[in-house]
Every structure is written in structure tokens, then in C-alpha cells.
Amino acid sequence: MAKPRRNIQFQHRGSNAHDVRRLSVSEVSEGPSEPGSPVKGGMNGKVELSTEELTEAPEPTEYEKKKQTFITRTIWTFIMIAFFFVAMFSGHIYIIGIITTIQIISFKEVIAIANVPSRAKGLRFTRSLNWYFLGTAMYYLYGESVIYYFKHIVLVDKVLLPFATHHRFISFMLYTIGFVFFVGSLQKGHYRFQFTQFAWTHMALYLIVVQAHFVMNNIFEGMIWFFLPASLVITNDIFAYICGIAFGRTQLIKLSPKKTVEGFVGAWVFTVIFGIGMTNILMRYSYFICPVDDLGANIFTGLTCTPNPVFIPQAYSLPAWTHITRTFSVAPMQFHILVFATFASLIAPFGGFFASGLKRTFKVKDFGESIPGHGGITDRMDCQFIMGFFAFMYYQSFIAVYKASVGGVMEMAIQGLSGEDQVEVVRGLAKYLVNQGVVAEGVLECLNGELGPRRR
């Protein structure tokens, strides 16, 4: 029979860190203290120090995480809104700069989520080709906009004229160089991946760069055609969130489980109300409704133009079957804004659903971390791109007034007439202006002297 062991201490459930701390307190209490010294306070300090050393900090709860995310998201929302309004009132050129930056960052984010395997495969030039195709696409699209809206400047410049005249051919050759370089970079064993990357790059160019190009054109047509569509999408997003929390019950789509039918419809109503009110305000200022003829203009210098008829109130009467003879004065833009608000509420959100499906495909939560609390730039612009595209197409189809412009007449004369015919146009125009009293007769005599004898 084994002898029982003595003087062996077993660690019980009660002998934990608390016992250790009690031991340290007793040890301190056994030591002598100086007269007048705060022994009790010193003991408590020893206990607190020991507690900090032996107790780990608790992890934040799910509620605290959501609260911190909400605060960060709210702060950066107000920062972005303030920055946006400062840029918009500072001038069109600053908004164009913002759109260009968004264009580049969004392209980078979309390409990045599918470009990771290229490093593992040791493929060269994949990223370089992506950026080359981006630069080529932006050169073509920006060039088209500049030539269209600023013909009167580009076509009379000796340096820019050749680039403007042959712009599309130059763009095509740039793309062809990239295409040939891509084919030359194909490596055996990686064909499928490289062609997938090629297709992915072109999809990103269409969904981001091309659509952002039309947003840029909206700015040239007038600030209202940029600001209204953007603000409608933002308003719809906010009220979809509020209405969904307030009385959302029915799930709208599986790609976004938090989206509800009630929030979807409620946001539509509030977006229409906001659109009508905001349109009524913006129509009063020429800075918003006038097309851009000076990129240096801002809210203080303003712009001058003949307003588009869509902004001028017109008299409307109800149909005869209503037996109401009252006449209403309403600007046609108030009817158009109903279409804009409806598209922003019912169609534009599907741009966000598309982006959600894309992120689920690559198993990422956000496209990037460009904006604290919001994710990437693409996460905030997924609905804006398709909305801006729609605004441009709708404006060109139902609102734009097509008439001869200085740039259009100059383009026809430069590209369609010979040098001698152009001289005759100058003579005839100068004579007309003299007869109308716009210029002095000495101008005509000077022109005749400089241009030589008239062609027979």
C-alpha cells in the first residue's frame, strides 16, 4: 500500500490570479511603512498595477464595432460633401479634376481584385498593359470631348490642329500598339489567364472609363446635368437606408440581403420630392444651367447664356374631361426631373447590385480602402456611373437644342473648304459685319489689302 504524500499543494479552482494578488497585498502590508506615508493608498496602487498586468483588455463588442464604424462613416461623409461643394463652386475645371481622379482610382480598384494571380504566375507587363489601355482610352475620350466643346480654340491653334484633325486615327494606332504588345507577351501555359485579364481590362474600361466620360460631358453641357443626377442617387441611397430601418420587412434581392422592398419604394417617393425642390432652386442660377464656355468660371464670376427652353416656365392646362379650366405655369424641366428621379430610384441601384455580385465573385468585402468607413471609391460610385450615362443620353435625346455654333462653323470651313474658299468666307463675313455696323469699314479695307485681289 502506497504511503500518502504530504506537503503537496494542489491548484484548486479557487486559486486563481485573485489569490496571487491577495498574496502580494499581504506581503506589502507586512513591510514597515514610513511615518505619515499613505500605506493604504500605496496598497491600492499595488493592487491596481497588478490587475493591469494580469488582466487582458476585453475585445470590443459587436455593438461597439458598429458604433465606431458608423461614426467614422458619418465623419467622412460630411468631409466628402464639403469637399464636393467647395470644388463645384470653385469652377468646372475642379469638378473635372475630381471625376478624372475617381476614374483612375476606380479602374485601379477593379483591376486589382482580379490581378493578384499575375504576381504568383510571374507574368510581366500585365499591370503595365492595363495602365497603357487606360491611358489610351482616356486620350481618345478626353480628346473627343475637348474637340467637340472647344473647336473654336483647338482648330485655330497651329500645334493642336494636326492632333484634332487626326485624333481618331492616332487613338486607333495607340490601341493597336497595345494590342500587338499583348499578343507578343502571351506565355505558354498561361493563355487562359492572360486572355481573361485582357477581357477583364476592357470590361473595366467600358464600365468605368467610358461611363465616366459621359459624366464629364454632362459638366460641359451645364453643371445642373452633373449635380442633379449625382444628388438624386445620394438622396435615394440615404432614404433607402432610413426607410429600410423604419419599416423594411420584405427582402428585395439576394445579392444585397439588407435591401428591402419598403426601403426601395420609400426612397423613390422621397427622391422625387427632393428632385422637384432642388430643380426649382438650381434653375434660377445661370452658373448651373449654362453650358461651359470658360473653364475658369466659378460661382462668383458666373456664366451667361440664352437659357434652354426647358428652364423657361410655360402655360399648361388640364384635359377637357377634367372640367377644370385653370392654367398652370410650369417649367418643362419639372416634368423631366420625374424621369431622372425614377431612374435614380428604380434602375441606378442595380449598378450597386451588380457591384455586390462582383465582390461576391472574388470574395472581397470592398473594392478598396480609399475612404475610411466607406471602402473604396468604386463602392461609392457604382450607381453614379450608370446614372451619369443615362443623364447624358436623356439630355441629348429629349432636351438638347441643336444649333450652329462657332466651333461647328469653323470646323466645316477648315475641313470642308480649300484655302481660297476660306478667304472668300472671311471677305463675305467681314462685308456683312460692316453693313450691319458691327465693325468699322476700315477693317474691311485692311482685310482686302492683306488678303490680296479677289478670286475671279
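Author: Start with two helices. Trp-225, Pro-229, Ala-230, Val-233 and Ile-234 in helix 10 meet helix 15 at Cys-383, Gln-384, Met-387, Ala-391, Tyr-395 and Ile-399. Contact means heavy atoms within 4.5 Å, and helices are DSSP runs (H or I, at least four residues), numbered from the N terminus. This is a predicted model: local features need pLDDT of at least 70, side-chain atom pairs pLDDT 80 or more, while totals for chains, interfaces and linings use all residues. Residues count from 1 along each chain as its sequence is written, and side-chain values use heavy atoms, without hydrogens and water.

Reader: How many nonpolar residues does the contact of helix 10 with helix 15 have?

Author: Ala, Val, Leu, Ile, Met, Phe, Trp, Tyr, Cys and Pro count as nonpolar, Asp, Glu, Lys and Arg as charged, the others, Gly among them, as polar. The contact of helix 10 with helix 15 has no charged residues and one polar residue. Its nonpolar residues number 10.

Reader: Which strand 2 residue is the bridge partner of Ile-253?

Author: Strands are DSSP runs too (E, at least two residues). Strand 1 (residues 251-253) and strand 2 (residues 256-260) run antiparallel, joined by two bridges. A hairpin through two residues links strand 1 to strand 2. In strand 2, the partner of Ile-253 is Ser-256.

Reader: Is Asn-298 buried or exposed?

Author: Asn-298 lies in the loop between helix 12 (286-289) and strand 3 (314-317). Buried means under 20% relative accessible area, exposed over 50%, partly exposed in between (1.4 Å probe, protein chains only). Asn-298 has 19% relative accessibility, so Asn-298 counts as buried.

Technical notes
Pairing = 2+ DSSP bridges.
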